[in-house]
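Student: I have a structure here and some labels for its parts. Can we go through what the labels rest on?

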Amino acid sequence: MQHFPLRHLDSQRVQSISALSAGQEYVQLQGFITNLSEEGQGFRKRLTATLYDQTGRLELIWFQGIHYVKKNIEANTLYSVFGKLGFYNGLPTISHPEIEIFQQSAGVAGAMIPLYSTTEKLKAKGLNNRSFAKIMQALWEKLTPKEIPEILPQGLLTTYNLMGRYEAYRNIHFPQNEAAKTHAERRLKWEELFIAQLRIARLKLNHQQQEGYAFSKVGQYFHDFFQHHLPFALTGAQKRVLREVRQDSYSGMQMNRLIQGDVGSGKTIVALMSILLAIDNGFQASLMAPTEILAQQHYKGIRELLDPLQIPLALLTGSVKGKERKQILAGLAQGTLPIIIGTHALVEDTVQFANLGLAVIDEQHRFGVTQRAKLWQKNERPPHVLVMTATPIPRTLAMTVYGDLEVSVIDELPPGRKPIETVHRSERFRPRVMQFLKSEIEKGRQIYIVYPLIEESEKMDYESLKAGYEQVKAWFPDPQYRVAMVHGKQPMDERQMNMERFVSGHAHILVATTVIEVGVNVPNASVMVIESAERFGLSQLHQLRGRVGRGSEKSYCILLTGNEISKESRQRMHIMVQTNDGFLIAEEDLKMRGPGDIYGTRQSGAMDFKIADIVHDMDLMEETREAAQIILANDPYLESPAHLLLRRSIHKSRSKQVQQWSKIS
């Protein structure tokens, strides 16, 4: 019964096309569908059709599922059409509408007809929305209140004016009217958010009782580095975060802290000084990065910074083999190697530490749950954990996903950083863009050109990348210009060689997929060109933009899109042009796209909501957080008989996770 409807069609509220206006969002229409036409090639391919009723016409557009739609649209057939209204050149349009053959009696009771998510394969087998609704109705008729018991205490139902659980499930599927549906939605969202807040609050409670290593002193290595070898003055935000790390690691309880800061805010230097704190207290430290490129970058940068202190450190990735690997593993096990930097290779069973006191995880959302859990288990007593992310996380998301971590924010950029100038250009401006790139190369600068790589269309995207590479070489011919290409399907040695050509300055242009989204630091690169920028989310665009602007020269980000893009895409481009503030961009991204997988949080289980939406239900989240704190203040382990079913629900929801979130961050 938790396969909730996406929305409901009110069979008594059909609008006419002539009455549509720009102020409306979702609309329901009835009419005939004609003039099916395919346009474009590759990922720009789309299907258009005309919906008409007695009052006017409207354009329907599909970018996916084109074959299925063409095959199943019937001529001279009346359809019910539901979707998000837009306007293009004054004509009303709906992209990816939900369509059903209109029947006066749909076989589903009530005026509010549920619409469920389904797939092309299910539809092809005859299981369309109407069939699904009939199955759900037949199932509902067999259920009794005993099979959907109330789990919330009566006091909460009264205080927050919540519908009973059985009634809420019935009305979410088959409401008699809009008011009943709204009341049911509120109850089920409230329950889902409340259980999530209870779970997080209990994790934090348990974590606060977790004994950790006490870093009792700030020693010689830390002081020597800070006073004599720090390459630049720390910002106020960096100093504040270091004080927070110091307080946590001194307390004797295990630290579990998230450091979030915008691209280039100086998280790595904070992590390095935290590592020195661990070494001063006789412990080992590790830094784990999601890609070999990023791990190598960290290793090279930290080795240079620590060279005057003569502290041994090593790099451990999948490509480190043979004698070198054996020596590294022996050094870690014997305690003679104090610092290890690496990829997920660090969590392999063969990697054993003598006394791991601090584990730093960079871009942690890119690691699987099990990988992070293994790092936690390297000691009998867990090490302090410092998580870093360059993807700013809005407060609304942090409250839910990272509610059990202490959060530090580096909200200042180092002095002297010049803001990156961002512009949006359509395909027709390509010749002028290429000319600008030539002028930058003539000044001695380097260029990134990034192409999208979407999992669903990976093969097509690689073909586009290779075609783009040839096009770039045509604009920038040998031997005057040197162009390198990097993507995930290249052999590792070829990818590293091409990357090194760019890092060393031998190649003027790097054509790449989003494999370079994090970790590549080339101060001489002054321009980031993002091809088909309309296909990227805001946070990813911001991450890519952060690859430039790392030197002293003026830097640019050019967002190249098709000549015609959607309203939402145009809005994303506008936001990118207007601001360099990663936190503002993250808030806008969350509003536009929802939490989804933007921050890689679904893998944690914390974001696995079936009906709640943390963007639009922020008031409910605040309400449930407060209610959870009140409940746990009086009954921290939910041992009261009134909380028995609630406790079972929390354990049930937690069992879907591989590990507790606080133990894998």
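Tutor: In this predicted model, local features need pLDDT of at least 70, side-chain atom pairs count only at pLDDT 80 or more, and totals for chains, interfaces and linings use all residues. Residues are numbered from 1 along each chain as its sequence is written, and side-chain values use heavy atoms, with hydrogens and water left out.

Student: What is the order of the strands in the open sheet of seven?

Tutor: The order is β11-β12-β10-β13-β14-β9-β15, with parallel pairing. Strands are DSSP runs of E, at least two residues long, and helices are runs of H or I, at least four, numbered from the N terminus.

Student: Why do β11 and β15 count as edges?

Tutor: β11 (313–316) and β15 (406–410) each have a single partner strand, so one side of each is left without a neighbour in the sheet.

Student: What makes β10 and β12 a pair?

Tutor: Pairing needs at least two DSSP bridges between two strands. Strand β10 (residues 284–288) and strand β12 (residues 339–342) have four, in the parallel sense. In β12, G342 is the bridge partner of M288.

Student: Why is α9 called oblique to α10?

Tutor: The axes of α9 (residues 267–280) and α10 (residues 292–306) cross at roughly 60 degrees and come within 12 Å. Under 35 degrees is roughly parallel, over 145 roughly antiparallel, 65 to 115 roughly perpendicular and the rest oblique, so α9 is oblique to α10.

Student: Which residues of α9 meet α10?

Tutor: T268, I269, L272 and L276 meet H298, I302, L305 and L306 in α10, where contact means heavy atoms within 4.5 Å.

Terms used
Axes are lines fitted to C-alpha atoms, for helices over the stretch in contact, and angles run from 0 to 180 degrees between N-to-C directions.
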